[in-house]
Amino acid sequence: MRNVVLITMVVMFFAPVSFCQTVDKPSEKKQFIYVLHLVPKLLDLKNWSDADNKAVNEHFARLQKMHKEGSLILAGKTDNWDETMFGIIVYEADSMDKAKEIAETDPAVKAGVMTVKTFPYQTALLRGEKAK
């Protein structure tokens, strides 16, 4: 009788553990960053066209949409206005291919106002969240 109780306890303890290990978890989105650089000719403000300004406005509207939908983690740019200036977009996507598609279809990139490079990314510390 003691063995039956012992076996029952072991099964009850390990069954949930093994079940949890075999259940498929929903796929988690991965983090990416795309880094934007203004094309050099636009460092001179007199070279900006209405189309360039429109593209940047569409770029920002798209970022606002991503933020509202929850895929945008962070977006911003450096405050300097020279060849070292850059912007970053930290966001979530299902895959590197999807991340590149998002970056390369940015309105400012498509319009030739900015260039883009996409990288896998992982936030390590974020204000308001406990360190892991």
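Reply: Let's begin with K65, which counts as exposed at 52% relative accessibility. Here, exposed means over 50% relative accessible area, buried means under 20%, and partly exposed is anything in between, using a 1.4 Å probe and protein chains only.

Before going on, a word on what you are looking at. This is a predicted model, so local features need pLDDT of at least 70 and side-chain atom pairs count only at pLDDT 80 or more, while totals for chains, interfaces and linings use all residues. Residues are numbered from 1 along each chain as its sequence is written, and side-chain values use heavy atoms, with hydrogens and water left out.

K65 has a partner: it forms a salt bridge with E69, and the closest N and O atoms are 3.5 Å apart. A salt bridge is a side-chain nitrogen of Lys or Arg within 4 Å of a carboxyl oxygen of Asp or Glu. E69 is exposed too, at 56% relative accessibility. Both residues sit in helix α2, four residues apart, about one turn of the helix. Helices (H or I, at least four residues) and strands (E, at least two) are DSSP runs, numbered from the N terminus.

Elsewhere in α2 you will find another pair, E58 and K54, which are also four residues apart, about one turn of the helix. Their side chains meet in a salt bridge of 3.5 Å, N to O. In this pair K54 is exposed, with a relative accessible area of 53%, whereas E58 is partly exposed at 35%.

Now move to helix α3. There, the side chains of E101 and K98 meet in a salt bridge of 3.4 Å, N to O. These two are three residues apart in the helix, so about one helical turn separates them. Both are partly exposed: E101 has a relative accessible area of 42%, and K98 has 35%. By the rule given above, the count comes to five salt bridges.

Helix α3, residues 96-104, also has a buried side, made up of A99, I102 and A103. Seen down the helix axis, these buried residues fall within an arc of 95°, so they line one face of α3; the arc is that of the directions from the axis to the C-beta atoms. They pack against α2 (50-69), where we began, as well as β1 (30-38), β3 (87-93), α4 (107-110) and β4 (114-120).

From α4, take V109, which is buried at 17% relative accessibility. Leaving aside neighbours within four places in sequence, V109 is in contact with A103 and E104, and also with L36, M114 and V116; contact means heavy atoms within 4.5 Å. V109 and L38 are 71 residues apart in sequence but 9.2 Å apart in space, C-alpha to C-alpha.

The mean pLDDT of the protein chain is 85, and 79% of its residues reach 70 or more; pLDDT is the predictor's confidence in each residue, from 0 to 100. Over residues 4-25 it stays under 50, and the model has one contact beyond four places in sequence for that stretch. Where pLDDT is low, the predicted coordinates should not be read in detail.
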